[in-house]
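Thanks, everyone, for making the time. I would like to walk through one structure with you, so please have a look at it before I go on.

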Amino acid sequence: MNAVCLFQVVTENYANPVTCLFHVLFKAGALVFYILFSLFVKSFVIIFVITVFLAALDFWVVKNVSGRILVGMRWWNEIDDEGNSVWKFECLDGEALARMNKKDSWLFWWTLYLTAAAWIILGIFSLIRLEADYLLVVGVCLTLSLANIVGFTRCNKDAKKNIRGYFEGHAQNAITSRITSTLQSAFGVI
């Protein structure tokens, strides 16, 4: 099996394979770079800068690109006129969310949570090895991962309300039209 054929097999079930690739790529890049360089290269500055840079790229891609495309959600923070921080959560309407690709959504959520779990495990290893400086790297990366988890989880709650409202509205319309047609046919109204 050649590489082109393999790529077609992997991407055939995803609606947005390029977005999925970059969604996973920066997460994997930060984790792999951190693990390999902390094992084989002992330059904390290089590890810190490049790992945090890759994690920041991942944070930006998830928050601004893959969250919108793969699950139809976005979140952000604004400062109002009084200087208060206001969090905004936005998702597509119920009909649009119901049409989202399930594989894209599955990949988005699983990689979001698994990345945070991996950073937690790496943090535990840093604690066991008594490497507080590496714990700082893990802490920054974990904070970025958790920020996206919290933001998209809050959006997801709104999305579930939208989907529920969409299906309840369609169910109510279907029931109403069914009752109306039954009554019309029972009383001979055409």
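This is a predicted model: local features need pLDDT of at least 70, side-chain atom pairs count only at pLDDT 80 or more; totals for chains, interfaces and linings use all residues.

Let me begin with two residues, lysine 27 and aspartate 58, which are both buried, where buried means under 20% relative accessible area, exposed over 50%, and partly exposed in between, with a 1.4 Å probe and protein chains only. Residues are numbered from 1 along each chain as its sequence is written, and side-chain values use heavy atoms, with hydrogens and water left out.

Lysine 27 and aspartate 58 form a salt bridge, with 2.9 Å between the closest N and O atoms; the term stands for a side-chain nitrogen of Lys or Arg within 4 Å of a carboxyl oxygen of Asp or Glu. Because lysine 27 sits in helix H2 (residues 17–40) and aspartate 58 in helix H3 (residues 44–71), the pair ties together parts that are 31 residues apart in sequence. Helices here are DSSP runs of H or I with at least four residues, and strands are runs of E with at least two, numbered from the N terminus.

How many salt bridges does a search of the whole structure find? The search finds two, and one of them joins the side chains of glutamate 131 and arginine 129, at 2.9 Å from N to O. Glutamate 131 counts as buried at 17% relative accessibility, whereas arginine 129, at 41%, counts as partly exposed.
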